[in-house]
Each structure stands twice: as structure tokens, then as C-alpha cells.
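Let us walk through this structure step by step. Keep the view open and find each part as it is named.

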Amino acid sequence: MRVSILTREYPPAIYGGAGVHVAQLVPRLCALADVNVQCMGEPRAGATAHPELFPPDANPSLKVFGANLAMVAALPELDVVHSHTWYANLAGHLAGIYQSIPHVITAHSLEPLRPWKREQLAGGYALSSWAERTAYEGAAAIIAVSSAMAADVTRVYPNINTSKLHVIYNGVDVNEFYPDYGSEFPELIGMDITRPSVVFVGRITHQKGLLHLVRAARQFSPGVQVVLLAGSPDTPQIAAEFATAFDALRAERGSDAIWVSDMAPRAGARQILSHATVFACPSIYEPLGIVNLEAMACETAVVASKIGGIPEVVLDGITGTLVDYDPAQATEPTYIAGFEERFATAVNALIADPAKARTFGIAGRQRCIDEFSWETIAAQTVRVYQSVTERSAN
């Protein structure tokens, strides 16, 4: 079977969960199919890259659309085309029409559920939303990364036939993320591995709830380190908001507040996750959350928002603690203050009970091994390819 994976991110340029998904999925798919990869950005091994340069000085969405057209033109003859995120959905849709082949989408997120993207894209947000909706409604199959994501797809795009929907979880490579108690990277960033710590890894974006975490951290127990591996801000505005909030935290906690803005090497992130007492995931929108799996694979307890696909990964009272969050009340200052207080309380409870945190961590790694293998995910994905090509042939 000849398949092309269309994606914005591909190693070594990865900054989000969709990029991690593609990077882990492609090598496993290569054992089962003839796989071609089209990505965006600078040239790199293993893929055909298309720069987001056309038209120059245009809205970012228009640049992405230019790269999408280049992808379609570069594709070899295929049996299936498989796109990831709105950045590549238009290319997948057009390729499916152009070559008369099935287009499969993996749903990592939905533009209508990320309204803060308007700050980043301005009028381009309407274009990204249009491209996503058009591609989803025309796709032969949609793979949702969680049951919650599948429910969001049917709610946001009610014209989609639910028979096209498949749930295949994201995964984690437990041979890359495992308990690693090396101290090189913690020492480099000033983290004291002999003391309790709360760690966050992710982008500086409204979606990840980082501002909530920084404000909640002002209520963490004395002596707890707060370690934030956080970069790639969506906009200058949120970068400034986060910097202001972090400065306030730093003023109170001193050197116990650590912010690393440069992307950490994978081995360094693994060491930080392994030494963390608690991994914090205060997301306000999360279809699944690969970073929770990475923390769990490192035997680290998780405190996370009870939203989206997170409860399908983090089992409350078994691998971590879930904190209720209601998006409908996101503009209510009193509710948000209460959420941040409850998040801090959940973190403090695990800090005060390291034995429970350790039990959660051990259970989390075993869950990753049992339920989130990339080999299983690749096999399930190929079965979707086979189903749509058989249906197309008939």
C-alpha cells in the first residue's frame, strides 16, 4: 500500500503533540506500508519539505496554503493520503480529489474549539477553520485521538457521517521515555533533584493553561520547586502575559521558580520528568495530551485538568489526580481563581504524600506499556487505510 503522510512538523523540527505523533507513527508505518512524507519548513532527511514562503509577507494561513499546494504537486502516485492538523488538511483534501484516492485525517484538535488562535492568525483563522471543515466533511475517514475528540468532531461538524470516525489513541515510546535519574540536565538548569518539584513541559499558549499553573504555583507548599520547560509562544501578547506572571512567581519563590525557554533535548526532558514529584497539565483544551503519557512513562504522577481526552489517559486516583475544569466558565474570574486554587490543592496533596505519588508513577508507566504502544497504533491505522481503499474500490 502506497501512503503519504502530510504534516507541518517532522523531525527534527517538532514543537507540538501532532509532530510527536507523526514522528513516532511513521517509522512503525514503514514496516507495514510504502510511506512517503511531505512536511513544511527547511529540507531534512526522510521527507520532502515545503517552505511557507508563498506569498511573501502574507498572513501565516496563506503561507501554509501555498505550502499545501506544493505538497499536492510533489506527491507520487498513491493509494491513500493521510493529513495531520489544519496545516495539512487542505493538501490532503486536494490530493484526494486530484488523484481520486481516499483522504484520511487524524484529528488532533479542532479550530472552532481554539478561538484564541484568532489572536495569532487574525483573518487567517477563518481560512484555517474553512480548510479544516472542508477537509473533514470530504474525508473518507477521520481518526480521533480519543473518544472525547471523536465526540467533539461530531458536535462541531454535525454533517459528518459518524461511520467515518475511528478512535485510535496517541501513543508513547517507552524506550525513549523511561525513568532516567541522570542529573546532567537538572544541574544545568538549576533544579535540585533532592527536593520536591512540579514540572510543566509544553508551549506557551492559552490551550495549555500555563498562566493558570503559574498563578496556582503561588499557592504551592513552601520549598517546592516549579520547573517550566516552556517556549514557542503563540503571540507576543501571551509571551508578555506569561513573562509578567512568571516574574511575580519568581519574586515570591526566588530560585525555586525555574523557566527554560529553549527547547530541551529529549534526554534532558526525560531527566526532568523522571525527577519531578508531580507533572502538571492544567490544559483548558486537550484532545488527548501526549506529554501526560511521556510523564507517566517516566514514572511520574500527574495532576491534570479533567477535560477532553485527558481522563482517557490519566486515571484519577490511579495514575494521578484530575481537577474539574468547565470551559463555559472560563471568563468568570471567580471560577478561574477557584480552579487554580483546586489545582494547587491537588498538587500539594501529592507533594505531602510522596509514597502515593510514587505509586501513581509506577502505575502510570505500566499503563503506557499496556495501552499506548505505537506498534499497535500503526497496525490500527493501516486497518483504516485498508477499509477506505476497499470501500473506494467498490
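The model you are looking at is predicted.

Look for Val-198, which stands opposite Val-226 in strand 9.

Is strand 8 enclosed or open to the outside? Five of its seven residues are buried, so strand 8 is largely enclosed by the rest of the structure.

Six strands form an open sheet, with parallel pairing, in the order 10-9-8-11-12-13. Strand 10 (257–260) and strand 13 (320–324) stand at the edges. Each has a single partner strand, so one side of each has no neighbour in the sheet. From one strand to the next, the twist averages 20°.

Ala-280 stands opposite Val-303 in strand 12.

Go back to helix 8 for a closer look at one residue. Val-214 is found in this helix. Is Val-214 buried or exposed? Its relative accessibility is 1%, under the 20% cut-off, so Val-214 counts as buried. Which residues surround it? Beyond its neighbours within four places in sequence, Val-214 is in contact with Leu-228, Phe-242, Ala-245, Phe-246 and Leu-249. Val-214 and Arg-250 are 36 residues apart in sequence, while their C-alpha atoms are 9.8 Å apart in space.

Seven strands form an open sheet in the order 3-2-1-4-5-6-7, with parallel pairing. Which strands stand at the edges? They are strand 3 (48–50) and strand 7 (165–167). Each of these has a single partner strand, so one side of each is left without a neighbour in the sheet. Neighbouring strands of this sheet are turned by 20° against each other on average, direction ignored.

Helix 2, residues 60–74, packs on this sheet. Helix 2 touches strand 1 (2–6), strand 2 (34–40) and strand 3. Its direction makes about 155° with that of strand 2. Helix 3, residues 86–99, lies across strand 1, strand 2, strand 4 and strand 5. Helix 3 runs at about 160° to strand 4.

Look at two of those strands together. Strand 4 (residues 80–84) and strand 5 (residues 103–107) pair in the parallel sense over four bridges. Val-81 has His-103 in strand 5 as its bridge partner.

Now find Ser-128. Its place is in helix 5, which covers residues 124–138. The relative accessibility of Ser-128 is 0%, so this residue counts as buried. What does its side chain reach? The side chain of Ser-128 reaches the backbone oxygen of Tyr-125 at 2.9 Å. Not counting residues up to four places away in sequence, Ser-128 touches Ser-61, Trp-86, Glu-111 and Leu-121.

The last stop is the cysteines. A disulfide is a covalent bond between the sulfur atoms of two cysteines. How many disulfides does a search of the whole structure find? The search finds zero. Take Cys-298: the nearest cysteine sulfur is that of Cys-368, and it is 8.8 Å away. A disulfide needs the two sulfur atoms within 2.5 Å, so Cys-298 is in no disulfide. Cys-368 is in no disulfide either, with the sulfur of Cys-298 as its nearest cysteine sulfur. Are these two residues buried or exposed? Cys-298 is buried, with a relative accessible area of 0%. Cys-368 is buried as well, at 1%.

Definitions and conventions: Residues are numbered from 1 along each chain as its sequence is written. This is a predicted model: local features need pLDDT of at least 70, side-chain atom pairs count only at pLDDT 80 or more; totals for chains, interfaces and linings use all residues. Side-chain values use heavy atoms; hydrogens and water are left out. Helices (H or I, at least four residues) and strands (E, at least two) are DSSP runs, numbered from the N terminus. Buried means under 20% relative accessible area, exposed over 50%, partly exposed in between (1.4 Å probe, protein chains only). A polar contact is a pair of N or O atoms within 3.5 Å; within protein, one must be able to donate a hydrogen and the other to accept it, and residues adjacent in sequence count only if both atoms are side-chain atoms. Contact means heavy atoms within 4.5 Å. Two strands pair if DSSP finds at least two bridges between them. Axes are lines fitted to C-alpha atoms, for helices over the stretch in contact, and angles run from 0 to 180 degrees between N-to-C directions.
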